[in-house]
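Please look at the structure first.

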Protein chains: 2
Amino acid sequence: VKAAIQKICIIGAGNVAWHLGQHAHAQGLEVAQVFSREIAKAEALAQLIGAKALTELSILDPRADLYLLLVKDDAIDEVAARLKDSLPADALVCHGSGATDLAVLHKHFQHCGVFYPLQSFSKNRSLDFYKQVPLCVEATEKAAENLLLDLAKKLSRQAALVSSEQRFTLHLGAVFVNNFVNKLYAVAEGLLIEKDLPFDLLLPLIQETAAKVQDHSPFEMQTGPARRGDLEIQKKQLHSLDKDARWQLIYGMMSRFIAQDYGKGA
Amino acid sequence: VKAAIQKICIIGAGNVAWHLGQHAHAQGLEVAQVFSREIAKAEALAQLIGAKALTELSILDPRADLYLLLVKDDAIDEVAARLKDSLPADALVCHGSGATDLAVLHKHFQHCGVFYPLQSFSKNRSLDFYKQVPLCVEATEKAAENLLLDLAKKLSRQAALVSSEQRFTLHLGAVFVNNFVNKLYAVAEGLLIEKDLPFDLLLPLIQETAAKVQDHSPFEMQTGPARRGDLEIQKKQLHSLDKDARWQLIYGMMSRFIAQDYGKGA
C-alpha cells in the first residue's frame, strides 16, 4: 500500500480531464500521461501539464499510483474492460462519474473507486478548483479510500466520502439545481425577448438568488406570490403566460408546490 | 419643471425603502423624511440617513422633488389616496412595485411614475446597490420620465425605461429566476437531507450555474441528461423520486420541455 498518491495517468481529455488534470499538476502531482482516442485533444492537455499524450492504452505507465477514467458514462464499462489488459492486477482505477455505480468498475478491477468532481465544467471557463469543486470519493477498500480522500483534500476544500447510492442522489440534486434551474433562466429569457427586454435586467437577481442560499437554507429564503398566498397576482401571471401552455404548466405546478409547503395551498 | 431630483421623501420603511433610502443618501441625495405607521421602523431608517421619521402623512414636506411610495402592492392604491390630500397638486409621486400598473397612481396624481428596483432585498443582507440593482423607470409624461431616468442612472449602472406591460413581464421573469429557482434549490436540499448529505456540496454548482449565464445565453448553456437525450439515466432518476410524486412531476415536466427544445423529445 502506498503512502500517498503522487503519479497519475488520465484516461480521457474532455472537460473534466481538462480541469482536474491542470489542477492536479498545479498542486504538485505528477500527471504522467493523458490518453485520448484523438491525439490532438490528448496533446492539448498533456503539453500544459508536462504529461505524455497517448492514443494507445497498451503503453500506459504500469507504475502510476492512480488511473483516472474520465470518459463519458456510457463508455466507462467498455474502456475499463480494455484498460484491464494494460494494467497490473493491483492498479488503482477510479472513474469520475456522478451517475455510474462503483460496481461497473469493480467487475474489472479489484482496487477501484470513484473520484467525482461535483461541478459543471466548460473548457473555456476557468474556475478556482480548490474553492469551487467538491470532490466525492468512494473505494472498494478502506486503504484506497483513505488514499483518495487525502488526494481529494489536497485538491479541494470540500472532500467527502460518498457511497454510490448517495452519489446518485447528489447527481440528481445537481440536475435540479443546474439543468432545471438553467431551464428556468431560459424560460425567463424567452419571456423577456418577447417584450423587447434585455435578459441583462434579470442577471443581478439571478446572482443574488444563488448567493442567498450560500449561507441560508433555501427553504427559509423562499419568497414570492405563492409563498405569500397572493392569489390575485398568481392568477394574472398565469393568465399572461397563455401563449405557451408549457410555461403555464411550470408556473402552475411550482406555485402550487410552494403554496402547499408554506401552508397557503390546497 | 425641475432640473434634477434632489430632495426625496420616502413613504414606507420595509426592505426596499431600507436599501434604496440608504443608497440615495450615500449618493448625495437629500432624503428629508421617512414615513411609516410604525415609528420605530421609520426611525431606524431615518437616523441612518439624516432624515426625519414621520407617522403622519399630513406633515410631509410639500417641497420635495419626489415622493417614493414604497409600500406593499395591495396598499399602494389606498396610501396614494390618503397621500393626495397631503401633497401639492404638482407633486411627483412614484411607486416601487414590479406588479402594479402606473394607472393605479395616475387615478390620484397627475405627475406620477414608477421607480422599480429589480432585486430581492433582505434587511440583513447588504449588497452593492449600484452594481446589483437594475432600476426600471416609467412616468406619465416625458419631463418626469427624464428626471427619473437621470436619477436612476445616478443610482444604478442598469437604468431602463420600461412600460407597465414590460414591467409586468420583468416581474414574472423574476418569479421564475428567483422564486421558482429557489424552490428547486429547496427540492434538492430535501433530496440530500434524506440521504444524510450536506447541502453544501451543491453550493459551488449553484453559484457556477448562475455565473455562467452572466455572459452567455441560458439557452446555449443547457446541459444534462434531457439535453443529451440520455433516456436511461432519466428513467433511473425519475424512478428514484418515487417517494414524492411532486418531485417526479417536476422532473418529468422539466426534462420533457428541455428535450423538446433541443430536438430530443416527443
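In what order do the eight strands of the open sheet in chain B run? The order is S3-S2-S1-S4-S5-S6-S7-S8, and the pairing is mixed. The model is predicted: local features need pLDDT of at least 70, side-chain atom pairs count only at pLDDT 80 or more, and totals for chains, interfaces and linings use all residues. Residues are numbered from 1 along each chain as its sequence is written, chains are lettered from A and ligands numbered from 1 in the order in which they are written, and side-chain values use heavy atoms, without hydrogens and water.

**The sheet of chain B**

Helices (H or I, at least four residues) and strands (E, at least two) are DSSP runs, numbered from the N terminus. Two strands pair if DSSP finds at least two bridges between them. S3 and S8 (159–161) of chain B stand at the edges, each with a single partner strand, so one side of each has no neighbour in the sheet. On average, neighbouring strands are turned by 25° against each other, direction ignored.

Helix H3 (residues 76–84) of chain B packs on this sheet. H3(B) touches S1, S4 (66–69) and S5 (93–95) of chain B. Contact means heavy atoms within 4.5 Å. The direction of H3(B) makes about 150° with that of S4(B). Axes are lines fitted to C-alpha atoms, for helices over the stretch in contact; angles run from 0 to 180 degrees between N-to-C directions.

**Around S2(B)**

Strand S2 (residues 30–35) of chain B is mostly covered, with five of its six residues buried. Buried means under 20% relative accessible area (1.4 Å probe, protein chains only).

| Pair | Bridges |
|---|---|
| S1 (residues 7–11) and S2, chain B | five bridges |
| S2 and S3 (residues 52–54), chain B | three bridges |

From S1(B), the chain crosses through helix H1 (residues 15–26) of chain B to S2(B) in a right-handed β-α-β crossover. Right-handed means that, with the strands pointing away from the viewer, the path from the first strand over the helix to the second runs clockwise. From S2(B), the chain passes through helix H2 (residues 39–46) of chain B to S3(B), again a right-handed β-α-β crossover. B:Lys7 stands opposite B:Glu30. B:Phe35 faces B:Leu54.

Helix H7 (residues 164–194) of chain A packs with helix H12 (residues 245–261) of chain B at about 50°, their axes 11 Å apart. Residues in contact include A:Phe176 and A:Phe180 of H7(A), and B:Trp247 and B:Tyr251 of H12(B).

How values were computed
Buried < 20%, exposed > 50% of the residue type's maximum accessible area, 1.4 Å probe, protein only.
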